[in-house]
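User: Hi, I've just opened this one and I'm new to it. Could you walk me through the terms as we go?

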Amino acid sequence: MANRLIISLSPHVHGGDSVQKNMYGVCIALVPALLASLWFFGLGAAIVLATSVLSCVFFEWAITKFLLKRPGCTICDGSAVLTGLLLGFNLPSNLPIWLIIIGALVAIGIGKMTFGGLGQNPFNPALVGRVFLLISFPVQMTSWPVAGQLTAYTDAETAATPLFIMQNAIASGDPAELQKLPDATQMLIGQTGGSLGEVSALLLLIGCAFMLWKKIITWHIPVSILGTVAVFSGIMHIVNPIYAMPHVVLMSGGLILGACFMATDYVTSPMTGKGQLIYGICIGLLTVIIRNWGAYPEGMSFAILIMNAFTPLINTYCKPERFGEVIRKEEKK
Amino acid sequence: MKTFKIGGVHPAENKLSAASPIREAALPKQAVFSMFQHIGAPAKPVVKKGDEVKVGTLLAEAGGFVSAPIHSSVSGKVSKVDVALDASGTRRMAVYVDVEGDEWEESIDRSPALVKLSNRPELDSKAIVEKIKNAGIVGMGGATFPCHVKLSPPPGCKAECVIINAVECEPYLTADHRLMLEHPEEILVGLQLIMKAVGVNKGYIGIENNKPDAIALMTEKAKGYQGIEVVPLKVKYPQGGEKQLIDAVISRQVPAPPAIPINVGAVVQNVGTAFAIYQAVMKNKPLIDRIITVTGKSVKQPSNLLARLGTPFQQLIDECGGLPEDSGKIIGGGPMMGKALLSLDIPMTKGSSGLLIMNDKEARRAQPSPCIRCAKCVSACPMGLEPYLLSKQSKLEDWEGAEKNDITSCIECGSCQFTCPSHRPLLDMIRVGKSTVMGIIRSRAAK
């Protein structure tokens, strides 16, 4: 035995954290919202989510094995499952299966594996997939089924979402249009039209609280995004009542899903608290700008993707506060 | 409760030997004294083959100002002056002594009676530092920096307080904890001596809150000593780092190198060093033994041993129930910063604070996976660095970039690698980068 000692450098112990724990932690945080989407959209939600997750995992496996020819298996790390879940959450529940598969291929194939796989992608893969679908198939991607049709899939009845109502109000310049919005409690619980995973604000926030508790994410990104949107849209509402109330803006569309689950993606968000705040504030501003004055009713995906592109720049300029820095600054003065 | 401001982690404490009183280890058959037991120039042997030595006889003199003499911890005959494998894994010059009996130099006072500072009013700063220097005392926490150097502030610097490092933030180790419980007064007198040596009248003892018995006892005993305050600290690694401890205790941050603690008025010494200083100054006893924790989950009797320097580690393990079957790695020191040992024949030195035996399963690292840029290393780093970036720059040999991102500030505490969910060997890479960048800086300065 004595001649077979293991030699390695310190540290000799590890905290026990792992990529899987973090990825599946986020998946667990999404479970309440997932159950809600099944409750509200029934069969359609089940088909969309299952297709999305399975095809993301399949493409990750196939690309790793046949195109990159890498040994080992990366699908167990949970990141493909998570991308699939998030992509599914960003789609309407009546989307045909072939479109979902294309979305998954773009998300994993172009969004992630092109750059070398986990950890290398500059843009959030699920959002790359979603935005690709949104731009290529705008009709299918913007018809939102009404909640409560449990057995319907592509034949589901559709209706305007709160985001459309808000955009109409701005377009027509008539604040009375906003009367058509569902009331706040309904939006909190999730009885409104929209993408699968973005309907129940309350359950998404519970998931977010779980991630904060488990220290999977820090508060910086969600708080800065939601805070910025609340303040900015609040000012807009006071200036001109055709812009919706801030609490309605916060609970509509993919804002909470994006702020808590998409913008907080490790790989594509900045590394320091300071950087994350800048990133979050910019996402908040861009989202409100695109929603109010852009061509699309929803601006969250674009805002996050735009700021993903700025992440390396933010990382270059936002350094953590070094030990002893305070004194160094004083010396310079 | 006080603690340092930036970063930090909380490894499982595993203080298995905390309740085990210090016991004296048996004398070795042969003691081996490495000439490299401290940071700085190696000591120069002053004995030759065949010389008779006693406990406390000088074996080697200091090789320069930043160096320390080495004394024999056993009595017997010098059998050879030759190379020996040491804890760093290299073969270096050492003095071998074959043990015969246990005869001590007469000048050493072996009585247990406490000698207070008031009993020795003739001691002034210069005399204290001189005694410490001649006793070969080095930092006993593991850094082994020659003690007298720290007590001789460079011109223009003025010490304001002395901080005793009794944090023992390394998991498993309990040597300092036991020392405080069994020799509190000696430590306090040792602290008084350091305070007198650097001319200050404020002394702190920083103890982490996972040792409430030591905090209570030291606080009680400190009442009898003017200007000494015990500071309980929140449990967080690496609080025993010199800079982190100063930040935790007096809320001052030592700037980046080349600044040193004295620049913010602090002199930090380990609690074991304070005890050794007491023995050197008051009892005339050079540094010839120390307390070492022998521990591990499979070790039969995790213990704190008072062992003579030069005792081979094998013998210390035998005293604690022998080497367990499933041993995979033997670590000199604690699990966060200790060194994996090549062999059990390596002798213990002035810096040996612990001997940790890990089983085969614990000893192996998990397979690393790609960096997911989760930033957990950035929030764990107690120096406010970006470990993910430094390790990448080191790998890409971007020395300029690494220097610009303050790689030389890294204290190699391992918090980044401990916390990394991808099990990446961050510190391995950063060490390579840090030593290369420091070499570049030195050669630039030489020009």
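Analyst: Happy to. Helices (H or I, at least four residues) and strands (E, at least two) are DSSP runs, numbered from the N terminus. By that count, chain A has 14 helices and two strands, while chain B has 14 helices and 17 strands. This is a predicted model, where local features need pLDDT of at least 70, side-chain atom pairs count only at pLDDT 80 or more, and totals for chains, interfaces and linings use all residues. Residues are numbered from 1 along each chain as its sequence is written, chains are lettered from A and ligands numbered from 1 in the order in which they are written, and side-chain values use heavy atoms, with hydrogens and water left out.

User: What makes chain B as compact as a globular protein of its length?

Analyst: The radius of gyration is taken over C-alpha atoms, and the globule rule is 2.2 Å times the number of residues to the power 0.38. For 447 residues the rule gives 22 Å, and chain B has 21 Å, which is close, so chain B is as compact as a globular protein of that length.

User: Why is Ser200(A) called buried?

Analyst: Buried means under 20% relative accessible area, exposed over 50%, and partly exposed in between (1.4 Å probe, protein chains only). Ser200(A) has 3%, so it counts as buried. You'll find Ser200(A) in the loop between helix H7 (184-189) and helix H8 (201-213) of chain A. Contact means heavy atoms within 4.5 Å. Leaving aside neighbours within four places in sequence, Ser200(A) is in contact with Ala36(A), Leu188(A), Ile189(A) and Gly190(A). Across whole chains, buried residues make up 56% of chain A and 59% of chain B.

User: What makes something a nonpolar core?

Analyst: A nonpolar core is a set of buried Ala, Val, Leu, Ile, Met, Phe, Trp, Tyr and Cys residues joined through side-chain atoms within 4.5 Å. The largest one here has 94 residues, and those touching the most other members include Leu30(A), Phe261(A) and Ile304(A). Helix H1 (residues 19-67) of chain A gives the largest share of this core, 18 residues. Apart from it lies another core of 84 residues, among them Val267(B) and Phe313(B).

User: How do you know the peptide bond from Tyr237(B) to Pro238(B) is cis?

Analyst: Its omega is near 0°. Pro238(B) lies in the loop between strand S11 (228-233) and helix H6 (242-250) of chain B. A cis peptide bond also joins Ser10(A) and Pro11(A), with omega about 0°. Most peptide bonds are trans.

User: What makes Thr144(B) worth a look?

Analyst: Thr144(B) has a positive phi of about 55° although it is not a glycine. Most residues other than glycine have a negative phi. Thr144(B) sits in the loop between helix H1 (125-134) and helix H2 (147-150) of chain B, and its relative accessibility is 9%, so it counts as buried.
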